[in-house]
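Student: Can we go through this structure together? I'd like to ask about it bit by bit.

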Amino acid sequence: MNILIIESEIYLAQKVVSRLLDDGHSCDYVESPNIESLTKDYDIVLLSTSLPSAQCKNIIKKYKESIIILLVSYISDETVTNPIKDGAKDYIMKPFIMDELLRKIYHYKECRALKQELYTMRRYLDFMFRDIDLEDNTLPPTFPVLIETNSQKCADKLVFNLSKKVALGVKFISLSIDNWQKELNNNSFKGIYYLTDFHTLKKSAKDNLIKLVEDKKCIITSLEKEEDFPYKKVEFNNPDLVVLNNNIMTINDYVKLMVLSFQSKYPDTELSKKLGISRKSLWEKRKKLGIEKKK
């Protein structure tokens with residue numbers, strides 16, 4: 001990391017620089033900075049509040065994107081409270097142990113990395129779920145519950161929304177893997193177990209799973225109807241999908257899926273040709289299967 005140390009106590013500054021260099025960081029040290037002369041970007045700024053408060057304020061403003069840790073001789077509004085309101089992350093009292101200063105530096109570095117990762121993941125999920133309208137569909141905060149759906153992505157959005165609402169983490173387990181029982185029996189996890197691919201299990205395995213989840217915070221998804229599931233069920237389908245499971249589609253299901261998927265891409269003449277039917281047959285299929293022609 002690139003670290004700037006602004007400290008008027010030369011001995012202390014040299015000690016800090018020496019330790020940070022030993023840890024593999026790049027350091028610049030200034031005793032009393034001219035704000036205009038500071039042109040580099042830094043990951044961390046160690047700022048002594050022995051400087052005039054107006055100067056501290058300007059430095060914090062200049063490095064608002066950096067992690068700023070205050071080096072303070074005493075605690076007051078001027079040395080701690082106001083700089084933290086201005087944007088500094090934390091402070092450390094002089095004299096301090098170098099290991100404690102490093103602990104704070106690495107702690108805030110890790111927090112920033114996690115914050116950036118979380119921001120990226122949320123943006124990605126918003127992108128992935130952008131075409132799914134939940135309308136009034138929500139999951140109850142009671143467990144276990146089964147989601148019957150024709151779209152795994154629709155079920156995922158329901159689960160993420162519930163996770164955010166009840167502030168619980170989610171552990172994903174595919175029931176198509178061999179060791180799902182071992183994963184499910186890990187009692188150290190206190191969040192929501194999200195079990196997918198229930199429809200891939202044989203009847204005996206489903207019965208076994210139903211016993212295992214009785215007292216757990218479990219959400220299960222299936223791409224098929226599950227008539228024998230004894231707990232609460234929620235149905236949430238993507239109306240634009242006809243079939244999305246492992247069953248063989250009927251000819252009408254296939255035609256409906258293809259028309260819904262490609263009618264905005266091809267004109268009717270080309271679409272009917274690709275389906276091997278006439279334009280009149282395409283019109284009749286739309287009418288019979290309830291396919292709305294999108295413009």
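Student: Where does Ala 167 lie?

Tutor: Keep in mind that this is a predicted model. Ala 167 has a phi near 55°, a positive value in a residue other than glycine. As for its place in the chain, look in the loop between helix 5 and strand 7.

Student: Which residues lining the largest pocket are the closest to its centre?

Tutor: Start with the pocket itself: about 620 Å³ of space lies in it. It has 16 lining residues, and the closest to the centre are Leu 118, Arg 122, Leu 125, Phe 160 and Lys 164.

Student: And which helix gives the most to that lining?

Tutor: Helix 4 (98–128), helix 5 (152–166) and strand 7 (170–174) each supply at least two residues of the lining. By class, the lining has eight nonpolar, three polar and five charged residues. The top contributor, with six residues, is helix 5.

Student: Okay, now the cis peptide bonds. Which residue does one join to Pro 95?

Tutor: Find Pro 95 in the loop between strand 5 (90–93) and helix 4. Omega is about -10° for the cis bond here, and the partner of Pro 95 is Lys 94.

Student: What is omega for the cis bond between Phe 143 and Pro 144?

Tutor: Pro 144 is found in the loop between helix 4 and strand 6 (145–148). A cis peptide bond joins Pro 144 to Phe 143, with omega at about -5°.

Student: How is helix 8 oriented to helix 10?

Tutor: Helix 8 (residues 251–262) packs with helix 10 (residues 279–289) at about 105°, their axes 11 Å apart. Angles of 65 to 115 degrees count as roughly perpendicular. So helix 8 is, relative to helix 10, roughly perpendicular.

Student: Which residues of helix 8 meet helix 10?

Tutor: The contact divides into four nonpolar, one polar and four charged residues. On the helix 10 side you'll see Leu 282, Lys 285, Arg 286, Lys 288 and Leu 289. The helix 8 side has Asn 252, Val 255, Lys 256 and Val 259.

Student: Which residues of helix 10 does helix 9 meet?

Tutor: The axes of helix 9 (residues 268–275) and helix 10 come within 9 Å and cross at roughly 90°. That makes the two roughly perpendicular. From helix 9, Asp 268, Thr 269, Leu 271, Ser 272 and Leu 275 take part, and in helix 10 they meet Arg 279, Leu 282 and Arg 286.

Student: Last one: how far apart are the C-alpha centres of domain 1 and domain 2?

Tutor: The domain assignment gives domain 1 (2–118), domain 2 (145–236) and domain 3 (251–289). For domain 1 and domain 2, the C-alpha centres are separated by 47 Å.

Key
Residues numbered from 1 in each chain as written. Predicted model: local features only at pLDDT ≥ 70, side-chain atom pairs only at ≥ 80, totals over all residues. Heavy atoms only, no water. Axes fitted to C-alpha atoms, helices over the stretch in contact; angles between N-to-C directions. Helix = DSSP H or I, 4+ residues; strand = E, 2+ residues; numbered from the N terminus. Parallel < 35°, antiparallel > 145°, perpendicular 65-115°, else oblique. Contact = heavy atoms within 4.5 Å. Nonpolar A, V, L, I, M, F, W, Y, C, P; charged D, E, K, R; others polar. Domains from an automatic or database assignment. 1 Å grid on protein atoms, 1.4 Å probe; cavity = no way out; pocket = protein on both sides within 12 Å on 5 of 7 lines; lining within 4 Å. Points joined across faces, edges and corners; volume = space filled by probe spheres on them.
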